[in-house]
Amino acid sequence: MSITFVPTPSVPTSDASVDHAIQAIVAGASTDATCTTDLAAGPWDFDIRPGYGPGSSMGDVIPTGAPRQGELPAEYREATEEELDRRIRAAKEVLGDRVVILGHFYQREEVVRHADYVGDSFQLATAAKDRPDAEAIVFCGVHFMAETADLLSGPDQAVVLPNLAAGCSMADMADIGQVEDCWEQLADVLGDLDEQDEDGRVPVIPVTYMNSSAAIKGFVGRHGGIVCTSSNAQTVLEWAFERGRRVLFFPDQHLGRNTAKAMGVPLSQMPMWNPRKPIGGSTEAELADSRVILWHGFCSVHRRFTVGQIDQARAEHPGVRVIVHPECPMEVVDAADEAGSTDYIRRAIAAATEPTTFAIGTEINLVRRLAAQFPQHEIFCLDPVVCPCSTMYRIHPGYLAWVLEELVAGRTPNRIRVTSDVADPARTALERMLAAKPPVAASAR
């Protein structure tokens, strides 16, 4: 039996807070649905438990040894939203230009409102690089983003992640051991991976999505590869095809598939690499004929979107404009009107000159923020269930208040450091990406 939840505007669209929406659901003030009522609890309730915590990644397997957060002092756990807001503003006032706060688009509203820069991973990587004056970079995102900021920041700058448990399930789907093993197996099938053909191209160029560990970025840098984001994936693939006969793309299969397909690469030349199977589960002939080898990884936020949701949006909202993120499955991207990065989605809505109904396929914190920012449009999330990114949601304003007040007291908690043996080649891969400027229109179709 299917259940249809009828949205109730108990939390007005002018309120961008996903937390307020979840609290209203749990309190019975809204008939909206959430994927788990555990989201109403403080994230400190999950810091010492196994798993990514409640939200879209809660069904994924977290690696052994993933960073865990120590106990947040009670004064922050028990403070009201208003008190935390006041303490954050006060600490920022004292710290001044000594600290810069970066906030990802998917971050909760109660945190983003304090950010000096808000953007996607590409934009925030650039912002970190452009603030050499700040002594501390407080990164309100997830672990791999803080690592990237450390790679691009100065040696005297400290990068702080407010909650160490804010990882990324997609990034964790490709660990360095698996990738190195894959590389060795590809060499067995394709021969010397450093040998150039008559056109100067090597057999494989590794391309990693920004959503990967520093160790993976270092691997890519050592092997002539490059990093990409959803903003510049096509530009990066063009760069890679100039230097290699094929690409090993990890960890997000969907971004790789959607981007390569838009460039004309047939699906038959995009075999999947499953790290738990011999030679990735493909045949030697399939690998030899490949143009893009896709890693078996995905984003649990964007995997929630379906063609059925798009069909329902079109039925209930004639003329709706459907825009989805390229981390969505291929059939969802194909059924949408447009696909593009978070920055593309934001720009597309900002550029609409007439009142428009938008159905958006990306993380709900960004969608609710856009709905509040552009009240002249009707903007809603394709997924009717309130289910934010599990790990972004671990950055609660209580953690932000804690790290800022620790900085005021002269202490630097939760500093993220990348060792030099990893940092040097990873920085090379990132610099190649930063030199590859994203196209203005992203992947709009």
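1. Ground rules. Residues are numbered from 1 along each chain as its sequence is written, and side-chain values use heavy atoms, with hydrogens and water left out. Because this is a predicted model, local features need pLDDT of at least 70 and side-chain atom pairs count only at pLDDT 80 or more, while totals for chains, interfaces and linings use all residues.

2. Confidence. The average pLDDT (the predictor's confidence in each residue, from 0 to 100) is 93 for the protein, and 95% of the residues score at least 70. Residues 1-9 stay under 50. For residues 1-9 the model has eight contacts (heavy atoms within 4.5 Å) beyond four places in sequence. Residues 439-445 are also below 50 in pLDDT, and that stretch has 14 contacts beyond near neighbours in sequence.

3. Two packed helices are described by the angle between their axes and the distance between the axes. Helices here are DSSP runs of H or I with at least four residues, strands are runs of E with at least two, and both are numbered from the N terminus. The axes are lines fitted to C-alpha atoms, for helices over the stretch in contact, and angles run from 0 to 180 degrees between N-to-C directions. Helix α6 (residues 143-152) and helix α17 (residues 420-435) have axes that come within 10 Å and cross at roughly 90 degrees. That makes α6 roughly perpendicular to α17; the labels are roughly parallel under 35 degrees, roughly antiparallel over 145, roughly perpendicular from 65 to 115, and oblique for the rest. From α6, the contact uses T148, L151 and L152; from α17, it uses A423, A426, R427, L430, E431 and L434. By class, the contact of α6 with α17 has six nonpolar residues, one polar and two charged. In this scheme Ala, Val, Leu, Ile, Met, Phe, Trp, Tyr, Cys and Pro count as nonpolar, Asp, Glu, Lys and Arg as charged, and the others, Gly among them, as polar.

4. Helix α8 against helix α17. What angle do the axes of α8 and α17 make where they cross? The axes of helix α8 (residues 214-222) and α17 cross at roughly 75 degrees and come within 7 Å. The two helices are therefore roughly perpendicular to each other. On the α8 side the residues are A214, A215, K217, G218, V220, G221 and R222; on the α17 side they are V422, P425, A426, A429, L430 and R432. Eight of the residues in the contact of α8 with α17 are nonpolar, two polar and three charged.

5. Helix α9 against helix α10. Helix α9 (residues 233-241) packs on helix α10 (residues 253-262) at an angle of about 75 degrees, the axes being 10 Å apart. That makes α9 roughly perpendicular to α10. A233, Q234 and L237 of α9 make the contact with L255, T259 and A260 of α10. The contact of α9 with α10 has four nonpolar, two polar and no charged residues.

6. Cavities. On a 1 Å grid over the protein atoms alone, a cavity is a set of points where a 1.4 Å probe fits but cannot get out; a pocket is an open set with protein on both sides within 12 Å along at least five of seven lines; lining residues have an atom within 4 Å of a point. Grid points are joined across faces, edges and corners, and a volume is the space filled by probe spheres set on the points. The structure has five cavities of 30 Å³ or more. The largest cavity has a volume of about 280 Å³. It is lined by 25 residues, with Y106, M145, N211, C299 and E327 the closest to its centre. Its lining divides into eleven nonpolar, twelve polar and two charged residues. The second largest cavity holds about 60 Å³, and its lining residues include D38, F46, R108 and Y393.

7. Second largest pocket. This pocket holds about 650 Å³ of space. Of its 31 lining residues, Y52, P63, A171, D172 and M173 lie nearest the centre. The largest share of the lining, three residues, comes from α6.

8. Backbone. F250 and P251 are joined by a cis peptide bond, with omega about -5 degrees. P251 is in the loop between β8 (247-250) and α10. I279 is not a glycine, yet has a positive phi of about 35 degrees; I279 sits in the loop between β9 (272-273) and α11 (284-288).
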